[in-house]
Amino acid sequence: MKQLMTRRQLLRLLAAAGLGPAIAQRTVADLASPAAARPKIAENQLAPPSNRPCYPAVMRDGRVIQPERPLAVIEETEVLVVGGGPAGFAAAVAAARAGARTALVERYGYFGGQWTGGLVLLVISSHAREDGRLVKVLQGVGGELLDRLSKIDGAIVHHKPDQFNPTTDPEATKFMMDEMIREAGVKVFLHCWVADVVMEGPVVRGVVFESKAGRQAILARVVIDATGDGDVFAAAGAEHERRFHAIGLVHRLGNADRAGLESLRANGIKSIGSIEPLPAVKWINLRGPSTDCLDIAELTRLEMEHRRSIWLRAQQLRQKPGGEPLFLLQTAPQLGVRISRLLAGVQQLTYEEARQGRSFPNTIAVGGAQNAHHRGWPIPYGVLIPRTLDQVIAAGRCICVDEKLIEDMRLLASCLTTGHAAGAAAALAVKTGRRPREVDIAQLQQLLLRQGAYLG
Ligand SMILES: Cc1cc2nc3c(=O)[nH]c(=O)nc-3n(C[C@H](O)[C@H](O)[C@H](O)COP(=O)(O)OP(=O)(O)OC[C@H]3O[C@@H](n4cnc5c(N)ncnc54)[C@H](O)[C@@H]3O)c2cc1C
């Protein structure tokens, strides 16, 4: 018969072995948690080495070789969005609301990308001027997010007479994105870094990603590349441009409402940063040098150098009359990468076309104007579609525009609206059994309008 040991007997035995105090603390802590929350398996259970097949890279002839290996497919979905920044968030919500089974993979633990993780808080280009009238071009999923943020005091809108671009609180934005993603029924995989694509001939069938659980795959009928850096279309071999751009690091100062601004001004400090919904906090943008955003040595160097100079500047501010209460509240968790890869799309939108407000039969969004000084610029569907690669749609800051238009295209409002369009298009492609490049444009525009988007 099996001999069972009581908890008391076990503790006595462990105390005799000299493990009493450590175990006693552990036991008290365990007993404090409710029974349902206690783990069902022993915490220190060892995984037998044979249970998990290992495929380490090997050295062969002085080279590192990754052997062929099967991958577990953990999800099969209709629309897969890679990247949960502004574009990916809007794409996932739009696709799911349009009735497509939708999953989203994000390398960090929250949504928002540069918006929340990069602390880029001012949503520029939300409006344009049409015949002297102010028009809100950021509608649909992105517009709804901002409306919902302002209802929970997570955004300030119209903070100056001619300032139409809302400023948002990063934590409120993360919270509301979570809410909208959950409500839409999107299946989310956080802490998963997409490292490759799954191809079947020339067609993308899914992605391969890395996580703490190892390397796994997700299959999908359409994949939306909302990584900002075009990681998916580049891995699939789509034509694209490489671009250098300024890499900065945004940071925030605390106790801003206690600083003596007059004294600081008298000492040559014109501004301590831009306003936020929290009156005690200011955010400070940093442009940084223009360099290769895909070069890890550069990313490492800039991350550390920016952080050092930000720290030193904050200490200098604290030594100025009026600056004493200020402190460095936070440097952004994400380095401020602006542009790296741009898709070579079936259509390229140029700055000239945008400034002329050229209209297109396949318009799927309208870009706004910085400070709403000029008219909106229709964005055609073709800038989201790779020239030859199938079943992939791009959205956000990596879409196909010319060099001069990059500065307008990469702003938050355009990333939200192109994301929305990509999500709706992907859902429509799945529902109608067509390739993304073949979706019926009239149907897509109707779907976008039903979802509240602004098309001019
Ligand atoms: C310093 C700085 C200041 C700026 N200032 C402003 C401003 O004041 N106003 C404004 O409107 N815009 C501003 N911008 C521009 C704007 O923030 C970005 O262009 C916008 O956030 C881009 O959105 P996105 O969704 O395309 O990409 P991102 O915001 O970069 O989001 C991409 C998402 O994909 C995830 N991801 C990337 N690769 C992978 C992968 N391989 N696997 C899984 N997930 C992945 C990322 O973690 C991220 O969540 C600024 C940008 C920077 C860098």
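## Ligand shell

Of the 38 residues around the ligand, those that come nearest are Gly83, Gly85, Gly113, Gly336 and Gly396; a residue counts as near a molecule if its C-beta atom, placed from the backbone, lies within 6 Å of it. Two or more residues of this shell come from each of H3, strand S10 (193-200), strand S20 (336-337) and H11, and H3 gives the most, with three residues. Helices (H or I, at least four residues) and strands (E, at least two) are DSSP runs numbered from the N terminus.

By class, the shell holds 18 nonpolar, 13 polar and seven charged residues. Here Ala, Val, Leu, Ile, Met, Phe, Trp, Tyr, Cys and Pro count as nonpolar, Asp, Glu, Lys and Arg as charged, and the others, Gly among them, as polar. At least three shell residues are drawn from each of domain 1 (72-241 + 340-450) and domain 2 (246-337), with domain bounds taken from an automatic or database domain assignment.

## Model and overall organisation

The model is predicted: local features need pLDDT of at least 70, side-chain atom pairs count only at pLDDT 80 or more, and totals for chains, interfaces and linings use all residues. Residues are numbered from 1 along each chain as its sequence is written.

The protein comprises twelve helices and 24 strands. Of its 456 residues, 42% are buried (20 or more other C-beta atoms within 10 Å of the residue's own; exposed means 12 or fewer, partly exposed in between, with C-beta atoms placed from the backbone). Among contacts between residues at least 6 apart in sequence, 72% join residues at least 24 apart; two residues are in contact if their C-beta atoms, placed from the backbone, lie within 7 Å.

## Packing of H3 against H11

Helix H3 (residues 86-97) and helix H11 (residues 412-432) pack with their axes 7 Å apart, at an angle of about 35°. Axes are lines fitted to C-alpha atoms, for helices over the stretch in contact, and angles run from 0 to 180 degrees between N-to-C directions. H3 passes H11 in a right-handed crossing, that is, the near helix is turned clockwise from the far one by less than a right angle.

The residues of this contact divide into 16 nonpolar, five polar and no charged. On the H3 side they include Gly88, Phe89 and Val93, and on the H11 side Cys415, Gly419 and His420 are among them.

Most residues other than glycine have a negative phi. Asp61, not a glycine, has a positive phi of about 50°, and Ser125 likewise has a positive value, near 75°.

Asp61 is placed in the loop between strand S1 (58-60) and strand S2 (63-65), and it counts as exposed because it has 5 C-beta neighbours inside 10 Å. Ser125, in the loop between strand S4 (102-105) and strand S5 (127-130), is buried, with 28 other C-beta atoms within 10 Å.

Arg287 lies in the loop between strand S17 (282-284) and strand S18 (290-292) and counts as exposed, with 11 C-beta neighbours inside 10 Å. Neighbours within four places in sequence aside, Arg287 is in contact with Ala246 and Gly248. The C-alpha atoms of Arg287 and Gly336 are 8.4 Å apart, across 49 residues in sequence.

Ala259, in the loop between strand S15 (251-254) and helix H7 (261-266), is buried, with 22 other C-beta atoms within 10 Å. Not counting residues up to four places away in sequence, Ala259 touches Leu264, Ile272, Gly322, Gly323, Pro325 and Leu326. Ala259 and Gly323 are 64 residues apart in sequence, yet 5.4 Å apart in space, C-alpha to C-alpha.
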